[in-house]
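Me: I have a structure to go through. Please answer my questions about it briefly.

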Amino acid sequence: MGDPRGFLTTPRQDWPRRPVGERVRDWDEVCVPGALLPIISKQADRCMDCGIPFCHEACPLGNLIPEWNDLVAREDWRQASDRLHATNNFPEFTGRLCPAPCEAGCVLAINQPAVTIKNVECAIADRAWEEGFTPPRPPDRLTGRTVAVIGSGPTGLAAAQQLTRAGHTVAVYERDDRLGGLMRYGIPAFKMEKHHLERRLEQMRAEGTKFRTSTAVGRDVGADELRSRYDAVVIATGATAWRELDVPGRELAGVQQAMEYLPLANRVGEGDLDSSPMSAAGKHVVIVGGGDTGADCLGTAVREGAASVTQLDIYAQPGAERDEDAEPWPTYPRIYRLSAAHEEAGELGTAPAADADARLFAASTLRFTGDADGRVRALHLVEVDARRRPRPGTGRALPADLVLLALGFSGPDRTDGLVDQLGLELGPRGTIARDASFATNVPGVFAAGDAARGQSLIVWAIAEGRAVAAAVDHHLTGSSRLPAPIGPYDRPMAV
Ligand SMILES: Cc1cc2nc3c(=O)[nH]c(=O)nc-3n(C[C@H](O)[C@H](O)[C@H](O)COP(=O)(O)OP(=O)(O)OC[C@H]3O[C@@H](n4cnc5c(N)ncnc54)[C@H](O)[C@@H]3O)c2cc1C
Ligand code: SF4
């Protein structure tokens with residue numbers, strides 16, 4: 001710790017965002033490039049070295065936060081990079097995308113703004129790449145054992161990197177034409193530019209991991225064939241079966257799923273399309289669902305030039321401060337948060353009929369109505385109470401030419417036949433069942449990430465990937481020195 005009084009003398013300062021008017025005209029990341037490094041050592045020095053770091057416990061990866069805060073405060077970037085990469089394969093992903101449960105658990109956050117842990121993580125990761133502190137780490141020797149990883153999201157990539165580095169020969173099978181899972185075609189580039197992904201994939205190729213894209217296991221290659229060709233199989237296929245909204249008018253053209261819409265915008269960014277066939281340009285857009293996927297649709301629609309955008313949230317507007325009884329420190333509270341997309345919508349006044357930042361809270365969709373051509377033209381809603389009972393007299397209609405359903409995901413997508421071909425047992429929530437060592441009911445087949453845990457976060461996905469790698473390594477060799485930051489039944493800290 002450089003300055004033991006840092007938290008008393010230095011106020012919290014976040015990585016500044018570019019002006020709204022500038023950033024909505026491009027798809028680059030919203031933060032000001034280069035503006036983090038000059039402020040971050042002082043910010044890291046706000047860490048109190050509190051003795052029992054709850055931040056460390058709140059991070060599913062068990063990131064060694066106080067250690068790297070201290071190293072950054074002293075500008076020892078090499079050591080900071082080593083300590084960070086000891087627990088996280090992809091800190092530039094989490095440094096940009098993680099909702100930072102660690103900051104909710106920061107001891108300083110009891111009565112002051114938390115340390116900017118996520119920003120410190122991102123600064124270390126970016127600096128490490130700039131300085132060449134993260135060269136490929138191929139194994140010294142091969143074990144002769146082979147592993148197939150199905151799915152190239154953060155779970156599959158973390159598992160593959162850990163197993164490759166442990167000396168196993170690993171092939172990642174991905175049904176999409178490009179690698180990265182939801183980080184490729186779900187999450188927009190303004191949250192994380194894709195070159196961060198490409199750079200890690202280059203590192204992994206150089207370490208010896210093999211990739212097979214455009215190959216859906218179950219459809220293009222039989223799941224049993226894979227099982228007989230490899231010593232172990234890891235299923236990391238995500239949970240992308242989307243939830244439906246079963247109301248009148250759902251069949252109208254222009255009522256789309258968020259994950260039909262976002263991949264097209266991402267494909268424009270990749271250069272596959274000149275413009276999105278589902279573009280929001282000139283349209284009145286209503287997003288049904290108040291979560292992060294909805295916010296990603298909001299930021300995308302704003303950049304595409306929507307005439308208006310409104311986001312509906314079925315829950316009441318949360319308060320600005322945590323409810324100490326229901327969600328005490330150090331848990332991650334549901335509070336009013338203003339994402340970059342909400343800030344943009346608010347400043348641009350994209351939804352004159354909604355609240356200041358384009359969100360309508362406690363709003364339940366009743367039905368859609370359309371025109372003679374079968375295209376959606378309006379969304380009818382009603383305000384609801386905490387038990388989702390309609391409040392009389394609150395019904396109204398919003399103009400809607402494009403409705404995006406962002407209602408979350410129910411479990412793994414089973415259309416490729418992988419689950420049925422292997423005869424995998426499912427849990428009560430439709431996810432792939434596994435035992436305490438990540439093993440499914442099929443010998444030699446393991447399951448990890450959203451496919452087994454259910455819809456989650458990048459940080460959990462990486463933790464799952466690391467943990468399943470340790471389990472597979474143990475299965476193949478009888479012991480393992482790979483770290484396992486979580487068990488399959490661990491859940492976020494809660495009351
Ligand atoms: C729009 C959106 C935005 C999000 N934003 C954030 C965020 O900002 N921060 C955050 O922490 N989390 C975010 N999440 C959640 C996060 O992306 C997921 O929790 C995480 O990607 C799960 O990782 P995974 O590797 O388990 O699965 P996925 O990322 O879903 O990857 C699974 C991969 O498996 C492939 N696959 C599936 N079936 C087969 C098959 N049969 N054969 C071969 N390949 C197959 C899929 O094509 C996919 O590439 C977001 C999710 C969405 C939908
Ligand atoms: S991965 Fe997320 S929870 Fe862990 S230190 Fe980084 S921002 Fe915090």
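Me: How do the residues of the shell around ligand 1 divide by class?
Reply: The shell around ligand 1 has 17 nonpolar, 14 polar and eight charged residues. Ala, Val, Leu, Ile, Met, Phe, Trp, Tyr, Cys and Pro count as nonpolar, Asp, Glu, Lys and Arg as charged, and the others, Gly among them, as polar. This is a predicted model, in which local features need pLDDT of at least 70 and side-chain atom pairs count only at pLDDT 80 or more, while totals for chains, interfaces and linings use all residues. Residues are numbered from 1 along each chain as its sequence is written, and chains are lettered from A and ligands numbered from 1 in the order in which they are written.

Me: Which residues come nearest to ligand 1?
Reply: Gly151, Gly153, Gly181, Gly238 and Gly449 come nearest, out of 39 residues around ligand 1. A residue is near a molecule or strand if its C-beta atom, placed from the backbone, lies within 6 Å of it.

Me: And which elements give two or more residues to that shell?
Reply: They are helix H10 (154-165), helix H15 (292-304), helix H18 (450-453) and helix H19 (458-477). Helices (H or I, at least four residues) and strands (E, at least two) are DSSP runs, numbered from the N terminus.

Me: Which domains does the shell around ligand 1 draw on?
Reply: At least three residues come from each of domain 2 (146-240 + 410-477) and domain 3 (244-407). The assignment for the protein chain also gives domain 1 (6-131); domain bounds come from an automatic or database domain assignment.

Me: Staying with domains, how far apart are the C-alpha centres of domain 1 and domain 2?
Reply: These centres lie 28 Å apart. In the contact, 18 residues of domain 1 meet 19 residues of domain 2, where two residues are in contact if their C-beta atoms, placed from the backbone, lie within 7 Å.

Me: What gives the most to the side of domain 1 that touches domain 2?
Reply: Helix H7 (residues 91-97) does, with five residues. That side of domain 1 divides into 11 nonpolar, three polar and four charged residues.

Me: Now ligand 2. Which residues come nearest there?
Reply: Cys59, Thr94, Cys98, Cys102 and Lys118 come nearest, of the 13 residues around ligand 2. By class, the shell around ligand 2 has nine nonpolar, two polar and two charged residues.

Me: Which residues make the contact?
Reply: Leu37, Ile40, Gln43 and Ala44 of H3 meet Asn119, Val120 and Ala123 of H9. Five of the residues in this contact are nonpolar, two are polar and none is charged.

Me: What about H5 and H6: at what angle do they pack?
Reply: Helix H5 (residues 65-73) and helix H6 (residues 77-85) pack at an angle of about 165°, with axes 8 Å apart. H5 is therefore roughly antiparallel to H6. Glu67, Trp68, Leu71 and Val72 in H5 meet Gln79, Ala80, Arg83 and Leu84 in H6. The contact of H5 with H6 has five nonpolar, one polar and two charged residues.

Me: Changing topic to the backbone, which residues does a cis peptide bond join?
Reply: The cis peptide bond joins Trp329 and Pro330, with omega about 10°. Pro330 is in the loop between strand E8 (308-312) and helix H16 (340-348).

Me: And where is Ala100?
Reply: Ala100 is in the loop between H7 and H8. Its phi is near 60°, a positive value in a residue other than glycine.

Definitions and conventions
Axes fitted to C-alpha atoms, helices over the stretch in contact; angles between N-to-C directions. Parallel < 35°, antiparallel > 145°, perpendicular 65-115°, else oblique.
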